[in-house]
Amino acid sequence: MKLVFMHGWSFDHSFWAPLLAVLGPCDALCLDHGYTGAAQLEALPDEDFIAIGHSAGVLWFLNRELPHCRGMIAFNGFARFSQSEDFAPGIPRRVLTRMQTKLHEAPASVVTPFRQQFTPFLPCPATLDGKALEQGLAELIDADGRPNARNRGETLLAVQGSHDPLVSSALHEASFATNRRLTLEGGHLLPQTAPQACADLIHDALRDWA
């Protein structure tokens, strides 16, 4: 079955390289938002697939109709990111709108400190598409994928890092209360720091959902 990958905010399709290296032969499609100047690729296949998202890539999947999606794996993800009256664990909107303002002026001044929260630090590329980054951040602020997450039930596996500096346990649990959840040792970049453990979960999903 096809595996469709979507990276998180400020990254690109190359984020998945360590995971793909240990995953072995597979039918993989790595989508790309075009944040780092790569060609934008967001078209979903017209055949059954398993969605594999990281961070904001999870919310991107959950904010769309996915008639061909047989299951979803959410690495360091969330079904809503911004705080609201019924979602206290989210990130305060004032923090995100401040990022929006700075992003418009100098994208690297926002992307670099954002990435510096995580280990390993993946340096900000020289080429950044400010417009694409602004669009992605706007979706992080406004999107709410909780209804779709609830509807997926056991066909959504949410994987949390044990010491993720961005996605708290409360945010993880509030996002995926009705889904399968587990924790791996690591921070916010599990596909980079624990690629074999992530690959094992994907192989299990292929067996269960194919």
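Glycine 53 touches Met6, Trp16, Val58, Phe61, Ile73, Ala74 and Phe75, leaving out residues up to four places away in sequence; contact here means heavy atoms within 4.5 Å. The model is a predicted one, in which local features need pLDDT of at least 70 and side-chain atom pairs count only at pLDDT 80 or more, whereas totals for chains, interfaces and linings use all residues. Residues are numbered from 1 along each chain as its sequence is written, and side-chain values use heavy atoms, with hydrogens and water left out.

Glycine 53 belongs to strand E3. Strands (E, at least two residues) and helices (H or I, at least four) are DSSP runs, numbered from the N terminus. With a relative accessible area of 1%, glycine 53 is buried; the term buried stands for under 20% relative accessible area, exposed for over 50%, and partly exposed for values in between, with a 1.4 Å probe and protein chains only. Between glycine 53 and phenylalanine 5 there are 48 residues of separation in sequence, but 5.7 Å in space, C-alpha to C-alpha.

Strand E3 covers residues 49–54, and six of its six residues are buried. Phe49, Ala51 and Gly53 point one way from E3, while Ile50, Ile52 and His54 point the other way.

On one side, E3 pairs with strand E1 (residues 2–6) in the parallel sense over five bridges; two strands count as paired if DSSP finds at least two bridges between them. In this pairing, lysine 2 stands opposite phenylalanine 49. E3 also pairs with strand E4 (residues 69–75), again in the parallel sense, over six bridges, and here alanine 51 stands opposite methionine 72. Together with helix H2 (residues 56–62), E3 and E4 make a right-handed β-α-β unit. Right-handed means that, with the strands pointing away from the viewer, the path from the first strand over the helix to the second runs clockwise.

These strands are part of an open sheet of six, in the order E2-E1-E3-E4-E5-E6, with parallel pairing. Strand E2 (28–30) and strand E6 (180–184) stand at the edges with a single partner strand each, so one side of each has no neighbour in the sheet. Helix H9 lies across E1, E3, E4, strand E5 (156–161) and E6, and runs at about 160° to E4. Such angles run from 0 to 180 degrees between N-to-C directions, and the axes are lines fitted to C-alpha atoms, for helices over the stretch in contact.

The largest nonpolar core has 48 residues, of which Phe5, Trp9, Ile52, Phe75 and Ile202 touch the most other members. A nonpolar core is a set of buried Ala, Val, Leu, Ile, Met, Phe, Trp, Tyr and Cys residues joined through side-chain atoms within 4.5 Å. Helix H9 (residues 195–209) gives the most to this core, with six residues.

Aromatic rings form a further theme. Eight aromatic pairs are found in the whole structure. The ring centres of tryptophan 60 and phenylalanine 61 are 5.4 Å apart and their planes are at 70°, so this pair is edge-to-face. Rings of Phe, Tyr and Trp (its six-membered ring) pair if their centres lie within 6.5 Å; planes under 30 degrees apart count as stacked, over 60 as edge-to-face and the rest as tilted. Tryptophan 60 and phenylalanine 61 are both buried.
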